[in-house]
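Please open the structure in your viewer and keep the selection tool at hand. This tour goes from one selection to the next and says what is found at each stop.

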Amino acid sequence: MSKLPQKWLVVITVLLGTFTIILNNSMLNPAVPHLMSVFGADAVATGWVITIFMVTMGITMPITGFLGDKIGKKKLYMIGLVLFILGSILGSLSWNLSSLIIFRGLQGVGGGMMMPIAMALIFEVFPRKERGLATGIYGIAAMMAPTIGPTLGGFIIELGSWQWLFLCNIPTGVLGLIFAAIYLKQTAIVKDITFDSSGFITVTLGVGAMLFALGRVSELAHLKDPINISLLVVGAFALWLFIKIENHKEQPLLDLSIFKIPAFTYSVLVGSISSISLFGGIFLLPLLLQVVYGYGAIITGLTFLPSALLAGIFMTVGGRILDRQGPSLVVTLGLTLIAGATVFLGFLSMETGLWVIFVLNAIRGIGMGLSTMPSTTAGMNAIPEKFVSRGSAMNNVLRQMSSSLGIVFFSIYFEVRRSQIGALNGLSIEEASLQAINEGFIVMAILTVLTIPVGVLLGREHKKQQRASAS
């Protein structure tokens, strides 16, 4: 380790923590049915184990920019990791479902502190021309963990006990904490900074209500629930009020003026659609393999493995291209690969071979690697250095909401269309499911195609910024 430059030790440090958080959350998704039997609870109550983490992480993220400036980014990152480790230890000791939900909420608070500040820590030690490769390596955690987590979680439930879903976080978490103490440097503390309480209240209410509602929706009937409708309305109104308040604050909690920088806005759009595509695929592919083709959980997990590995490899490739040539080529190429492979996934038949799905999902992984982190890095490079931590917080909140929206949209689309197709055409459940899934992938492909011009615009803004800097 001593031979590695200090800045790369920072990347390894934040990668350890981020990978642990995302992997743990994705491992718990397949464990919900098992936890229902362990605690004797129904699906709605047990679903809170997933929902509470998403909500507490989402409402914590917006204040990380302020806290990072107030107490320092290193200290905030370490506090977040300590809270996550503590939540993992207590989660493994849970005596009933309520206690487990509380400790998962604690994990979410810790994760919400760490996720946005991780990229800000990388930006502190890397110059602009090297950030593409650095964030590409860091982004391996964000791409690989959601795809291998469900398979690993399934193995743990089958071969061990549910407590190991939490205990397995502790070794990597403690290692990440040691690395943070040694290799992260304390950042400058901003003096005379004031806390925007009205902005905090409105953004917490808005993000919390929206994520809570989305976490409760998995079928059309849930979308008609008066509670969910009320939550979405309240959340939307609170976020509208937040925008109004922030535009008149001298020291806003989140400076929304950075959205006036086109490159940042374009990068957020690309990142949000990529999140919808990523998590939409994570939802639809298991249904395709298990409901339509009758494969088990292991084959399903193996289908995601090439995609995860290639996404990790091509994130580093995409980062290098970004540093040398800018985002235009790499981002548009990545989005084109995602769109092309997703279109082909929309034309599968009952006779399609498993290898075809492997290849198409692998191509999607390459596209995700080339487009997602390079676009984010290009957008973050475009904003002033003092806004990096707050820009990262906004990026993470919007991605969190986009991924939740993607899962909700495609789950409802699948449920509604499968019922309609089966009733109208008299098809078997497998055939109706296949057609509904095919249509879902086509919708996903159209969304991705619409972002390709945004990738081109992002490249143009990057060139404008380079010319301005040179002059």
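A nonpolar core is a set of buried Ala, Val, Leu, Ile, Met, Phe, Trp, Tyr and Cys residues that are joined through side-chain atoms within 4.5 Å. Keep in mind throughout that this is a predicted model.

Begin by selecting Tyr77, Tyr138, Leu165, Leu288, Leu348 and Ile437, which are the residues with the most contacts inside the largest nonpolar core, a set of 110 residues. The largest share of this core, 13 residues, is supplied by helix H6, which covers residues 97-125. Apart from this core lies another one, of 12 residues, and Ala263, Val270, Leu335 and Leu458 are among them.

Now centre the view on Leu288 and show its surroundings: leaving aside residues up to four places away in sequence, Leu288 touches Tyr293, Leu348, Ile357, Leu434 and Ile437.

Next, select helix H6 and follow it from its start, where a side-chain oxygen of Asn96 comes to within 3.3 Å of the backbone nitrogen of Ser98. The helix has 29 residues, and from its first C-alpha to its last it reaches 42 Å, close to the 42 Å expected at 1.5 Å a residue. Along the way, at Ile117, H6 bends by about 30 degrees. Of the 29 residues in H6, 23 are buried, so the helix is mostly covered.

Is Ser389 buried or exposed? Its relative accessible area is 3%, and therefore Ser389 is buried, since the limit for a buried residue is under 20%.

For the next stop, show the aromatic rings, among which a search of the whole structure finds 12 pairs. One of these pairs is formed by Trp162 and Phe166, whose rings lie 6.2 Å apart, centre to centre, with 90 degrees between the planes, an edge-to-face arrangement. Trp162 counts as buried because its relative accessibility is 7%, and Phe166 counts as buried at 0%. If you also select Phe39, you will see a cluster in which ring pairs link Phe39, Trp162 and Phe166.

Terms used:
Residues numbered from 1 in each chain as written. Predicted model: local features only at pLDDT ≥ 70, side-chain atom pairs only at ≥ 80, totals over all residues. Heavy atoms only, no water. Buried < 20%, exposed > 50% of the residue type's maximum accessible area, 1.4 Å probe, protein only. Helix = DSSP H or I, 4+ residues; strand = E, 2+ residues; numbered from the N terminus. Contact = heavy atoms within 4.5 Å. Expected span 1.5 Å × (residues − 1). Bend = angle between axes of the 7 residues up to and from the residue. Polar contact = N/O pair within 3.5 Å; in protein donor to acceptor, adjacent residues only side chain to side chain. Phe/Tyr/Trp six-rings, centres within 6.5 Å; stacked < 30°, edge-to-face > 60°.
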